[in-house]
Amino acid sequence: MSLPTSIRVVSIAVASLLAFVSFPSSADAATARVRWLPSPDPTVTRYDVYVRDAGAAHLNDAAWSGDPTPADDGAMSALVSFTPSASGANYFAVVAVRAADESTLSAELPTGMPIACHADHCETKTSCDFGELLDGTSCDGATDDPCLAACRAGECGTSSGSDGASAEVELDRLRFRSRDAGVALSIKGRFASADPVDPASTGAVVEIRTPDGVTLHTASVGGPAFKSAASGRRFHFAAAGADADPGWHGLQRLDFRQRAGRWIV
């Protein structure tokens with residue numbers, strides 16, 4: 001039976017192994033300082049740190065084991081030796097151990113350069129989610145306008161011209177409503193676009209920005225999540241709790257419809 005856990009990795013800092021050991025066993029070896037918040041369970045005897053390569057499950061053997069003394073801020077830390085992945089990224093996770101019982105994995109944190117537009121997440125040491133993200137998912141592209149950085153066939157790139165559209169929405173309505181689960185925000189507005197608009201193909205990224213350009217919130221919906229009318233003038237997205245995507249960031253509904261040469265969103 002697994003331990004309940006509140007283990008949370010809070011930071012990872014990587015340095016050359018030479019900074020800590022005089023004679024590294026491998027020229028490719030490295031050391032990461034991993035910090036995490038300990039479990040509140042008083043019967044925990046130690047913590048294990050696991051490291052995996054991007055695109056691969058965790059090995060059975062922990063990269064580090066121990067029961068460090070918490071720092072003044074309450075976090076524990078350990079220096080963990082590992083071999084950098086040839087893919088460019090490694091993922092670290094921590095578990096709490098009580099006798100022969102091991103908790104579930106903490107949330108993973110990567111080092112290096114995670115592969116853009118690819119899912120890379122493990123719920124357990126052997127149950128992982130790998131694969132390409134949906135087309136239209138927002139990504140960190142080399143562009144001044146993040147609205148244009150989107151995944152296409154597993155690659156992060158920018159779209160312009162006939163490949164995509166980006167437009168500022170002229171707001172007609174902005175409404176806040178208090179609910180038991182928090183505050184709901186609804187926005188209605190319109191924009192004009194000389195480029196084709198087809199979110200069912202390209203996906204859509206919605207950003208809320210301040211007048212000086214600071215992004216306050218971003219939500220990304222992949223193309224397959226949209227339903228479209230045969231006319232190509234209306235597109236609808238409705239979030240389903242069972243299929244929640246991290247990129248939605250709380251977005252519940254998104255509609256596009258064309259009217260009199262303008263798009264209402």
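Me: Before we get into this predicted model, what does it take for two strands to count as paired?
Reply: Two strands pair if DSSP finds bridges between them, and the number has to be at least two.

Me: Good. Which residue in β19 stands opposite phenylalanine 235?
Reply: Start with the strands: β18 covers residues 234–238 and β19 covers residues 253–259, and the two run antiparallel with 5 bridges joining them. Across from phenylalanine 235, the residue in β19 is phenylalanine 256.

Me: What share of the contacts with a separation of 6 or more is between residues 24 or more positions apart?
Reply: A contact here needs heavy atoms within 4.5 Å. Taking the contacts in the chain with a separation of 6 or more, the part that joins residues 24 or more positions apart is 52%.

Me: On to the cysteines. How far apart are the sulfur atoms of cysteine 122 and cysteine 128?
Reply: The structure holds 1 disulfide. The link of cysteine 122 and cysteine 128 is right-handed, with 95 degrees about the S-S bond. A disulfide calls for sulfur atoms within 2.5 Å, and in this pair they sit at 2.0 Å.

Me: Is cysteine 128 buried, partly exposed or exposed?
Reply: Buried means under 20% relative accessible area, and exposed means over 50%. Cysteine 122 has 2%, so it counts as buried. Cysteine 128 has 25%, so it falls in between: partly exposed.

Me: What about cysteine 151: which residues does it touch, leaving out those up to four places away in sequence?
Reply: Cysteine 151 lies in strand β11 (residues 149–152). Its relative accessible area is 0%, so it is buried. Its C-alpha atom is 9.2 Å from that of glycine 203, a residue 52 places away along the chain. The residues that cysteine 151 touches are Cys117, Leu133, Leu134, Asp135, Gly136, Thr137 and Cys139.

Me: Which element gives the largest share of the lining of the second largest pocket?
Reply: This pocket holds about 730 Å³ of space. Its lining has 26 residues, with His118, Leu133, Thr137, Ser138 and Pro246 nearest the centre. Two or more lining residues come from β9 (118–122) and from β16 (215–221). With 4 residues, the largest share comes from β9.

Me: Let's check the backbone. Where is histidine 249, with its positive phi, placed in the chain?
Reply: Most residues other than glycine have a negative phi. Histidine 249 has a positive value, near 50 degrees. At 46% relative accessibility, this histidine counts as partly exposed. Its place is in the loop between β18 and β19.

Technical notes:
Residues are numbered from 1 along each chain as its sequence is written. This is a predicted model: local features need pLDDT of at least 70, side-chain atom pairs count only at pLDDT 80 or more; totals for chains, interfaces and linings use all residues. Side-chain values use heavy atoms; hydrogens and water are left out. Buried means under 20% relative accessible area, exposed over 50%, partly exposed in between (1.4 Å probe, protein chains only). On a 1 Å grid over the protein atoms alone, a cavity is a set of points where a 1.4 Å probe fits but cannot get out, and a pocket is an open set with protein on both sides within 12 Å along at least five of seven lines; lining residues have an atom within 4 Å of a point. Grid points are joined across faces, edges and corners, and a volume is the space filled by probe spheres set on the points.
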